[in-house]
Amino acid sequence: MSDQIRRNMALFPIGIVMQLTELTARQIRYYEENELIHPARTKGNQRLFSFNDVDRLLEIKSLIEKGINIAGIKQLMQSKDKDQNEPLTVMDKKSESKRKELSESELLQMLKHQILHNRPGTSPSLIQGELSRFFH
């Protein structure tokens with residue numbers, strides 16, 4: 001499975017995302033309402049987030065801490081989305097069955113691997129630095 005496909009898979013419930021981003025459920029829902037993130041939904045309407053969603057939430061958090069308002073962030077994200085031709089989060093039969101097989105600790109282990117094993121020749125992103133504090 002390619003890295004991009006894995007990063008787009010909807011795997012993480014909101015509880016794990018809250019721990020990783022230090023955002024509240026209300027903040028995350030607010031960003032979704034403002035169309036800054038687009039988590040997938042299960043048949044039971046549970047939000048599921050991808051690695052890309054977690055990256056985006058941390059980027060939003062960083063921009064807000066720098067004093068940029070939601071309207072400004074929305075413009076930045078829209079221009080960024082135009083450059084990408086694929087969705088940030090994909091929920092298909094394969095990702096849904098994979099998610100059901102994984103425990104919370106296995107999901108966290110996948111995230112740890114994704115963060116700590118950066119692709120060769122690239123420098124770590126700010127987001128990787130933010131999330132790496134969970135894995136010492």
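The following dialogue explains how to read several features of this predicted model.

User: What should I know about the model before reading it?

Analyst: This is a predicted model, in which local features need pLDDT of at least 70 and side-chain atom pairs count only at pLDDT 80 or more, while totals for chains, interfaces and linings use all residues. Residues are numbered from 1 along each chain as its sequence is written, and side-chain values use heavy atoms, with hydrogens and water left out.

User: How many helices and strands does the protein chain have, and in what order do the elements run?

Analyst: Helices (H or I, at least four residues) and strands (E, at least two) are DSSP runs, numbered from the N terminus. Here the protein chain has eight helices and three strands. Their order from the N terminus is α-β-α-α-β-β-α-α-α-α-α.

User: What share of the protein chain counts as buried?

Analyst: A residue is buried under 20% relative accessible area, exposed over 50%, and partly exposed in between (1.4 Å probe, protein chains only). In this protein chain of 136 residues, 40% count as buried.

User: Which residues touch the most other members of the largest nonpolar core?

Analyst: In soluble globular proteins, nonpolar side chains tend to be buried together. A nonpolar core is a set of buried Ala, Val, Leu, Ile, Met, Phe, Trp, Tyr and Cys residues joined through side-chain atoms within 4.5 Å. The largest one here has 21 residues, and Phe-12, Tyr-31 and Leu-57 touch the most other members. At least two residues of this core come from each of helix 2, helix 3, helix 4 and helix 5 (70–83). Helix 4 gives the most, namely six residues.

User: Which residues does Leu-57 touch?

Analyst: Contact means heavy atoms within 4.5 Å. Leaving aside residues up to four places away in sequence, Leu-57 touches Val-17, Thr-21, Leu-23, Ile-28, Tyr-31, Ile-37 and Phe-49. For the protein chain, among contacts between residues at least 6 apart in sequence, 70% join residues at least 24 apart.

User: How many aromatic pairs are found, and how are their rings arranged?

Analyst: Rings of Phe, Tyr and Trp (its six-membered ring) pair if their centres lie within 6.5 Å; planes under 30 degrees apart count as stacked, over 60 as edge-to-face and the rest as tilted. A search of the whole structure finds two aromatic pairs. Phe-12 and Phe-51 are edge-to-face, with 5.2 Å centre to centre and 75° between the planes. Phe-12 lies in strand 1 (residues 12–13) and Phe-51 in helix 4, so this pair ties together parts that are 39 residues apart in sequence. Both Phe-12 and Phe-51 are buried. Tyr-30 and Tyr-31 also form an edge-to-face pair, at 6.1 Å centre to centre and 65° between the planes. Tyr-30 is partly exposed at 34% relative accessible area, whereas Tyr-31 is buried at 5%.

User: How many salt bridges are there, and which residues form a network?

Analyst: A salt bridge is a side-chain nitrogen of Lys or Arg within 4 Å of a carboxyl oxygen of Asp or Glu. The structure holds four salt bridges. Salt bridges link Glu-32, Arg-41 and Arg-47 in a network. The closest N and O atoms of Glu-32 and Arg-47 are 2.4 Å apart. That pair links distant parts of the chain, with Glu-32 in helix 3 and Arg-47 in strand 3 (residues 47–49), 15 residues apart. Between Arg-41 and Glu-32, the N to O distance is 3.2 Å. Arg-41 is partly exposed at 32% relative accessibility, while Glu-32 and Arg-47 are both buried.
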